[in-house]
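Let us walk through this structure together, one region after another. Keep the viewer open as you read.

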Amino acid sequence: MKPIETDDLTIHFDGKTCIHARRCVLGLPGVFNPDARPWIQPGGTPADDIVAVIEACPSGALSYQRKSGPAEVAPRSNTVRVWENGPLEVRGELHIEGQEPRHRALICRCGRTSNPPFCDNAHRDGFQATGLPSFKEDKDTDLPAADGPVRITARANSPVMFEGNIEVIATDGSRVARTGKSWLCRCGASGNKPFCDGSHGKIGFQKAGTAEA
């Protein structure tokens with residue numbers, strides 16, 4: 001989709017990473033209307049209102065550039081939120097191999113996505129995994145900071161590696177772990193979700209890595 005221009009903003013939409021969480025449609029239905037063409041019609045809506053809704057988009061499919069004023073900034077705490085029966089919602093100063101830097105992403109953990117490492121809603125076809133994993137004592141680390149760059153990489157047929165200060169949190173926001181480096185399951189078979197336990201090797205998991213996607 002071509003960028004949408006207003007006097008204050010350039011709005012970008014990446015349909016390939018959108019999973020239709022509908023936070024935009026529910027947040028500003030007069031601007032984000034899937035029945036309209038184009039489906040983004042800012043009109044005279046204040047730029048700050050549009051920015052607030054875009055920054056709520058969990059996948060990062062919606063992004064913006066201000067023509068004057070501050071750009072989107074990374075949150076003060078890097079987080080990996082585990083969705084019930086769904087992906088990992090990641091927020092922070094994200095550097096995903098092969099992608100432009102971003103602040104928001106949904107990373108597949110069911111193993112079925114056709115757009116690795118991003119979620120494409122393939123989990124809806126029966127994937128089951130709790131969004132309330134138990135606290136992992138061996139993964140709790142005293143981190144030097146809560147923010148900073150996070151590098152996300154995955155070799156082919158392997159888990160996704162997070163390098164940088166992250167707090168893994170459950171669906172309800174409770175802490176699962178703090179870690180400076182961790183491997184999280186993306187094959188869907190780990191018995192220690194959201195962490196990898198080596199099951200990808202046992203089941204013959206096959207999926208492109210981040211450098212290949």
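A residue counts as buried when its relative accessible area is under 20%, as exposed when that area is over 50%, and as partly exposed in between. Please keep in mind that this is a predicted model.

**An aromatic cluster**

With a relative accessibility of 18%, Phe-13 falls under that cut-off and counts as buried. Trp-39 is buried too, at 15% relative accessible area, and Phe-32 is buried at 1% relative accessibility. How many aromatic pairs are there by the ring rule? The count comes to 2 aromatic pairs. In one of them, the ring centres of Phe-13 and Trp-39 are 5.0 Å apart with the planes at 75°, so this pair is edge-to-face. Phe-13 belongs to strand E2 (residues 9-13), while Trp-39 sits in the loop between helix H1 (23-27) and helix H2 (47-54), so the contact ties together parts that lie 26 residues apart in sequence. For Phe-32 and Trp-39, the centres are 5.8 Å apart and the planes stand at 50°, so that pair is tilted. Together the ring pairs join Phe-13, Phe-32 and Trp-39 into a cluster.

**The sheet around E2**

Strand E2 also takes part in an open sheet of 3 strands, ordered E1-E2-E3 with antiparallel pairing. Strand E1 (4-5) and strand E3 (62-66) stand at the edges with a single partner strand each, so one side of each has no neighbour in the sheet. Between E2 and E3, which run antiparallel, there are 5 bridges. Here Phe-13 turns up again, standing opposite Leu-62 in E3. Helix H2 lies across E2 and E3, and runs at about 145° to E3.

Which residues of the largest nonpolar core touch the most other members? They are Val-80, Val-90, Ile-107, Ile-152 and Phe-162, out of 21 residues in that core. At least two core residues come from each of strand E4 (79-82), strand E5 (88-96), strand E6 (102-107), strand E7 (149-153), strand E8 (160-169) and strand E9 (175-184). Another core lies apart from this one; it has 20 residues, including Ile-4, Ile-11, Cys-24 and Tyr-64.

Setting aside residues up to four places away in sequence, Ile-107 touches Pro-87, Leu-88, Val-90, Ile-96, Pro-117, Phe-118, Cys-119 and Val-160. Strand E6 is mostly covered, with 5 of its 6 residues buried. E6 pairs with E5 in the antiparallel sense over 5 bridges, and Glu-89 stands opposite Leu-106 in E6. E5 and E6 form a hairpin with 5 residues between them, and Gly-98 in the turn has a positive phi of about 85°.

The loop between E6 and E7 holds His-123, which counts as buried at 11% relative accessibility. Leaving out neighbours within four places in sequence, His-123 is in contact with Asn-85, Gly-86, Pro-87, Cys-110 and Arg-112.

Cys-110 leads us to the sulfurs. The structure holds 0 disulfides. Cys-108 is in none, and its nearest cysteine sulfur, that of Cys-110, is 3.7 Å away.

**Backbone points to check**

Most residues other than glycine have a negative phi, and most peptide bonds are trans. The table gathers some backbone angles that depart from this pattern.

| Site | Angle |
|---|---|
| Pro-116 to Pro-117 | cis, omega near 5° |
| Lys-193 to Pro-194 | cis, omega near 10° |
| Arg-22 | positive phi, near 70° |
| Asn-85 | positive phi, about 55° |

Where do these sites lie? Pro-117 is in the loop between E6 and E7, and Pro-194 is in the loop between E9 and helix H3 (199-203). Arg-22 is found in the loop between E2 and H1 and counts as partly exposed at 43% relative accessibility. Asn-85 lies in the loop between E4 and E5 and is partly exposed, with a relative accessible area of 29%.

How values were computed:
Residues are numbered from 1 along each chain as its sequence is written. This is a predicted model: local features need pLDDT of at least 70, side-chain atom pairs count only at pLDDT 80 or more; totals for chains, interfaces and linings use all residues. Side-chain values use heavy atoms; hydrogens and water are left out. A disulfide is a pair of cysteine sulfur atoms within 2.5 Å. Rings of Phe, Tyr and Trp (its six-membered ring) pair if their centres lie within 6.5 Å; planes under 30 degrees apart count as stacked, over 60 as edge-to-face and the rest as tilted. Helices (H or I, at least four residues) and strands (E, at least two) are DSSP runs, numbered from the N terminus. Buried means under 20% relative accessible area, exposed over 50%, partly exposed in between (1.4 Å probe, protein chains only). Two strands pair if DSSP finds at least two bridges between them. Contact means heavy atoms within 4.5 Å. Axes are lines fitted to C-alpha atoms, for helices over the stretch in contact, and angles run from 0 to 180 degrees between N-to-C directions. A nonpolar core is a set of buried Ala, Val, Leu, Ile, Met, Phe, Trp, Tyr and Cys residues joined through side-chain atoms within 4.5 Å.
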